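Thank you all for coming; I would like to walk you through one structure, going slowly enough that anyone new to the structure can follow along on the screen.

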2 protein chains.
Amino acid sequence: MTGHAAGGAGDTVASVGEFGLIRAVTANRTQPSTTLLGPGDDAAVVAAPDGRVVVSTDVLVHGVHFRLDWSTPEQVGHKAVAVNLADIAAMGAVPTSVVVGIACPPDQKTAVITELMDGVAAEAGRARVGLVGGDMVRSEQLVISVTALGDLGGRPPVTRSGARPGDIVAVCGRLGWAAAGLAVLGRGFRSPVGVVNAQRFPEPPYAAGPAAALAGATSMIDVSDGLLADLGHLAEESGVGIDVHTDRLDVGRKLTDVGTALGADPLHWVLTGGEDHALAATFPSFTDLPEGWLRIGTVLLPDTGLTVDGKPYEHESGWEHWR
Amino acid sequence: MTGHAAGGAGDTVASVGEFGLIRAVTANRTQPSTTLLGPGDDAAVVAAPDGRVVVSTDVLVHGVHFRLDWSTPEQVGHKAVAVNLADIAAMGAVPTSVVVGIACPPDQKTAVITELMDGVAAEAGRARVGLVGGDMVRSEQLVISVTALGDLGGRPPVTRSGARPGDIVAVCGRLGWAAAGLAVLGRGFRSPVGVVNAQRFPEPPYAAGPAAALAGATSMIDVSDGLLADLGHLAEESGVGIDVHTDRLDVGRKLTDVGTALGADPLHWVLTGGEDHALAATFPSFTDLPEGWLRIGTVLLPDTGLTVDGKPYEHESGWEHWR
C-alpha cells in the first residue's frame, strides 16, 4: 500500500477520520466504462444497457466468515467481492459494479482497512467491475457488506426454478477446496497452500455464468453452502429430483492427499464443502456444455429427492449461519 | 407482526435459523412493477428503464446510528431504508429498490428482526420501491446495511459539483428536528413526540429530488451530517462559496420551545443537526423553486468560503463517525 493520504502505519481509523479514510480508499482507483459516475457523491451512476439490473448483497463478519489471523486484509477484501460477483454470474449476468460498506472498531489500524480495500479493488479490477461507492462507520466488530450489480445483456435471468427431469446437472469451478483449506487451518497448519488459499481466496468462474446462459442453462446456482445443499435448493425451487454421480466428480490428487493427511474423506468435502463459489447449473440433455463445465449428475422426477449415486447421502449436507 | 412462519414470540434467530428467518421476512411482501425478479434466488432483477442505474449504500450499527431502547425495531428498519432512499433522491433519481443485509447475535429475538423488516417493508412501500433481496448472518452487534437503486428517467444526475456563483441555495424538508430529538432523548425524556419521532423516523422528501432536477438544480446533496457540513461538501466539490441567510431558515415554534426547555439554541440545531435527511440544492437565480423548496442562501465566489449571514460560523459544524 503506497501513496495513500491516510498517513502512517500506526494510524487508526479514529485518528484518520471517516472522510480521510474514504478519500484514501477511493483515490486513484481506475473505473471501467460502465461506471458513469464513481464514488464521492450521494450515489453513483452505473450503466445498465439491458434496461434491467441484477442486484445481490452479502454481509461478511470477522470471526464468522473470515479471520484476520487466517487471511490477510487483502484476501478478505477479495473474498467479499468474489462471493457477491458469483451471485451475479449465477443469474447468467455480467457483473458491472460493487458498492462496499465497512463497519469497524475506532482503534482498527487504518492500514488494515486500506489493504482490505486494495483487495476489493483488485478483485473488482480482475472482474472488470467498478468500485463505485461505499460507507464507513464505527462498530465493535469488523463487518463488510458488499452489493454487486450486473447486466443480463438481453438474456432472461437463469433462476433456480427452471430445471426439468432429464436435464444434465453440471458444475464449473472448484469444489471441496475451501472446506479442505478450512480443515487444514482449523488444525493449526498453513499448508498445503493450494487448499488454504482456496479458503482465503475463492476464484469463482464469473464468465461461466453468462456462457451457461447462452448455452441454454435451465437453472443455475452459486455453490456457497456446499454442492448438495445448493443442489437441494435448486431441486426444491424447480420441483425436481437430482442424482449426483460421484464417479463424475473431480476429487483430484490435492484433496486426496489432504484427506489422507487429516484422516478425512475428500469426497465429503467435494459434496458438502461451502465457500468455493463454483457454479452449478442444469442444461437440456442434448446440450454441448460450454468450456469448463463438467457433467456431474441428472435431473430426475421430484419423488426421488436429492440422491448421491441413487441413494440419500447420509451426512450433514450444509450449514446455516446461526446453528 | 402476524402470520409469519418463524414461530413464537420467544424464538431467537438461532432457533429459527437463517433460511427460516429469510422466509419469514420475505413472505407476502408486495412488489412494485419495477421488481422483475424478487427475493429468493442468487440475485434479484430490477427494471432500469433509463439504461443507467443509481446506487448508494449505508451501514447502520446498533449503539451508533440507532438504539433499540430509544426506537422500536420498526422505526429502525424504516430509518435504514429512508437514509438510503434520500441519497438516491439527492441525485435527482426516483428510487426503485432496496436490498438489506442484517448481521445480528444468535440470541437476538426473531420478533425484533421480523419487526425491523416490517419497518423496512413499510418504508419501501411508502416510497413504492421493491424490497428485492438481502442477507442474514451472525455477528456480536446488530448491523443493518441497505443498498438502494434508482432511475434517472433520462435526466442527468444532479451531483455536488455543479453550483455556480449567483445560484440560489434552497432546502426541502425538516432541519434540526432530529438533533432536537436526540437532545431530548439524551436527557432521558420521551417528549415532545414531534422531535423525538423525527430522530427515530426521518421523512426525507423523496419526490423533491426529481422535482429539483426537473427545475434545473445545478447541485444537490442529502443533509445527513448537518446543513453547514453538507453545504460545505457541496461548496468544496463545486469550488464555490456559500452564504446561509438565517432569517430565511424555518426554526419554528416546536424547536424554539424545545430549545427553551433544554437551554439550547434551536438555530444551532437547524444549522448543524444531522439525520433529518432534508435535501439541499442550488438553482440558477431565475428559477421558480418547486413546491416545498425554500430559499435559504446564495452561492458566492470560492474565496468567501462557507458563511452564515456573511460571517464564518463559530461552532462545530458537523460530525465524523469515529471522532
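Val244(B) stands opposite Gly297(B), a residue of strand 11 of chain B, and please keep in mind from the start that this is a predicted model. Strand 11, which covers residues 294–300 of chain B, pairs with strand 9, residues 241–244 of chain B, in the antiparallel sense, and four bridges join these two strands.

Stepping back to the sheet, we find six strands of chain B in the order 8-10-7-11-9-12, forming an open sheet whose pairing is mixed. At the edges are strand 8 (219–223) and strand 12 (306–308) of chain B, each of which pairs on one side only. On average, neighbouring strands of this sheet are turned by 25 degrees against each other, if direction is ignored.

Two helices that pack on the sheet deserve a look. Helix 3 of chain B, residues 73–89, touches strand 8 and strand 10 (278–283) of chain B, and its direction makes about 175 degrees with that of strand 8 of chain B. Helix 8 of chain B, residues 227–238, touches strands 7, 8, 9, 10, 11 and 12 of chain B, while its direction makes about 150 degrees with that of strand 8 of chain B.

Finally, how are the two chains related? Chain A is superposed on chain B by a rotation of 180 degrees with 0.0 Å of shift along its axis, at an RMSD of 0.0 Å. The two copies are therefore related as by a two-fold rotation axis. In chain A, the C-alpha nearest the axis belongs to Gly51(A), at 2.4 Å from that axis. Of the interface residues of chain A, 100% are also interface residues in chain B, so the copies meet through the same surface.

Definitions and conventions: Residues are numbered from 1 along each chain as its sequence is written. Chains are lettered from A and ligands numbered from 1 in the order in which they are written. This is a predicted model: local features need pLDDT of at least 70, side-chain atom pairs count only at pLDDT 80 or more; totals for chains, interfaces and linings use all residues. Side-chain values use heavy atoms; hydrogens and water are left out. Two strands pair if DSSP finds at least two bridges between them. Axes are lines fitted to C-alpha atoms, for helices over the stretch in contact, and angles run from 0 to 180 degrees between N-to-C directions. Contact means heavy atoms within 4.5 Å. Copies are superposed by least squares on the C-alpha atoms of residues with pLDDT of at least 70 in both.
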